[in-house]
Amino acid sequence: MTTEKGKLDWVQALRGIAALLVVLCHARDYLIGTENFSFAESILLPGAMGVDLFFIISGFIMVYSTRNADGSITYAKEFLIKRFSRVWPTYTVITILWAVCVSGFAYFSNIDNLIIFLKSIFFVPVKEFAPLYFDPIIPIGWTLNFEIYFYAVFGLSLLFKKLRLVAMLCWIALTVIALPMATRDFSLNPFTYYTFTPNYLNLMTNPIILEFVAGALIGHIYLNDRAFIKSKTIATNLILASVGLVIWYNYSGAGNLHGITKWGGSLSLMVLCLAISSKNLLLKIPQPLIWLGKISFSLYLTHYLTRFFLDGLMAKAGLSSFTHTWSFIAFSTVVCISVAGISQYWLEQKLSDAFKNILLNNKTAQKSPPATKAA
């Protein structure tokens, strides 16, 4: 077995790779209308699988980080506060900045826009006929709708103590599988619109949630001592084979879409192989990749905004015609990573930690009896 220190560096690396894949996927837009676009589409579009990888990793980390859960309401509350605090402050700030930059402050003077804004920052699907994305203000925000929902499901399942996995699986089976099968034509295609009312049911029943479940199941397998590969040679080759499968399956066109039967399937197998193999292998991850994983959430959230400002600067400098190149894709990606590093420090660390501490302190204060004043 590897030591605890550095044991999950491979997870951080996968986070960083996932975020970078998404950034590069969106960067292909710089080559629209050029002779290079067809090639860029073929090698960069599959980078959207980074979202599926994020979902799988999220399920895995939730299980791993709560392995010592005691099943109490206090523990479940603290879990939800910590998860919500990590996402909401940064996402809200970026959403406000995006709305102001694209539409100006006048955006908030319209009541319909305010409703869209509130739905966006509180992770409620905005449009009905828009699965999988549901159209929040900042386009990439759709993934956080699913993330927060699964946090809630997982957090509540912690109350069932040793049966928490069973409770979670029962709820997902009921909402994602049984309800659509009973009332609609069930599909594993996450772009299927079931026309449920209220609209939030269309999110709850979306089969992309199965990717979180896959990650959670991998987490439970990882924590099982019997899931262990004694041969380091076999463990190494399992990793290589699973990575090769992802590259072939996702770039050959066989897996060409979000979902557990497409990109998510091969990625789940890869994460499973990495998880089990890492129990016997010390996977030496380069520090830059670990750092990239550390800033991955900020990189994912801010890269649209960074490129918006960068494009504006290029236009003012009269250099817009030079942005439709591979070299500018590389340059803009480096800038996005740099901005993400700043965001990670000020928003994820400073702002999110302050927000979390306020919520946790308030919760503690509510539990504590008021102090008696001295006579």
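**Exercise 1.** Find what share of the contacts in the protein chain between residues at least 6 apart in sequence join residues at least 24 apart.

*Solution.* Begin with the term: a contact means heavy atoms within 4.5 Å. Next, keep the contacts between residues at least 6 apart in sequence, and of these 76% join residues at least 24 apart. The structure is a predicted model, in which local features need pLDDT of at least 70 and side-chain atom pairs count only at pLDDT 80 or more, while totals for chains, interfaces and linings use all residues. Residues are numbered from 1 along each chain as its sequence is written, and side-chain values use heavy atoms, with hydrogens and water left out.

**Exercise 2.** Decide how many helices and how many strands the protein chain has.

*Solution.* Helices (H or I, at least four residues) and strands (E, at least two) are DSSP runs, numbered from the N terminus. Counting them in the protein chain gives 14 helices and zero strands.

**Exercise 3.** Explain why the radius of gyration of the protein chain agrees with that of a compact globule.

*Solution.* The radius is taken over C-alpha atoms, and the globule rule is 2.2 Å times the number of residues to the power 0.38. For 375 residues the rule gives a value near 21 Å, and because the protein chain has 22 Å, the two agree. As a further step, the C-alpha trace spans about 70 × 65 × 50 Å along its principal axes.

**Exercise 4.** Find where pLDDT stays under 50.

*Solution.* pLDDT is the predictor's confidence in each residue, from 0 to 100. The protein chain averages 94, and 95% of the residues score at least 70. Over residues 368–375, however, pLDDT stays under 50, and the model has zero contacts beyond four places in sequence for them.
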